[in-house]
Amino acid sequence: MRKIFAVVLLLVLLVACRPQAPMQPVVQPPVTQPVVQPISEPVKQPVSKPAEQTAPSGQPQTVKVDIVGFKYVPASVKIKVGDTVTWTQVDSVQHTVTIVSGPESFDSGLLKAGQTFSYTFTKPGTYSYKCTPHPNMRGEVIVE
Ligand code: CO
């Protein structure tokens, strides 16, 4: 009986003294970086076409603004009552034209690449607008 006890004790000691398995290094899951959209260089303003300059006064005009490289180009346009501004969204990221302040309020909603949004301004004043997902994107329409 005493011998069995000794054997059992020896086994217990062997198990207790068995060297611990080395600590496995904790494998960190790779940190996924947020996808940063490259900001392309602002598109150079095309020289205004002579047709726009020589258009008969009093005729409603359509002014084009590009949304490209997280910018409204041009950021500021001056038009007359009755004129229309057409925004053309070029970026792969979606943008909006959302009035922040002005005589009238409107919101284009999210515009995908290739989509356009037009608005005819019937009240004079300064319309400040922004992009809802990117509030740093700012533009204005001055209606005389
Ligand atoms: Co935007």
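Colleague: What spacing do the donors of the cobalt ion follow along the chain?

Modeller: Donors are N, O and S atoms within 2.8 Å of the metal (3.2 Å for Na, K and Ca); water is not among the atoms, so sites may look incomplete. Here the spacing is H-x35-C-x2-H-x2-M. The protein donors are His95 (ND1), Cys131 (SG), His134 (ND1) and Met137 (SD), at 1.9 to 2.6 Å from the cobalt ion. This is a predicted model, in which local features need pLDDT of at least 70 and side-chain atom pairs count only at pLDDT 80 or more, while totals for chains, interfaces and linings use all residues. Residues are numbered from 1 along each chain as its sequence is written, and side-chain values use heavy atoms, with hydrogens and water left out.

Colleague: Which arrangement do the four donor atoms around the cobalt ion make?

Modeller: Ideal angles for four tetrahedral donors are 109.5 degrees. Four donors count as tetrahedral if all angles lie between 85 and 135 degrees. The four donor atoms here subtend angles of 91 to 123 degrees, so the arrangement is tetrahedral.

Colleague: Is Cys131 buried or exposed?

Modeller: Buried means under 20% relative accessible area and exposed over 50%, with partly exposed in between (1.4 Å probe, protein chains only). Cys131 has a relative accessible area of 0% and is therefore buried.

Colleague: Which residues does Leu111 touch?

Modeller: Contact means heavy atoms within 4.5 Å. Not counting residues up to four places away in sequence, Leu111 touches Ile67, Gln89, Val93, Gln94, His95, Thr116 and Phe117. Leu111 is itself buried, at 4% relative accessible area.

Methods. Tetrahedral: all angles 85-135°; square planar, octahedral: opposite > 155°, others 65-115°.
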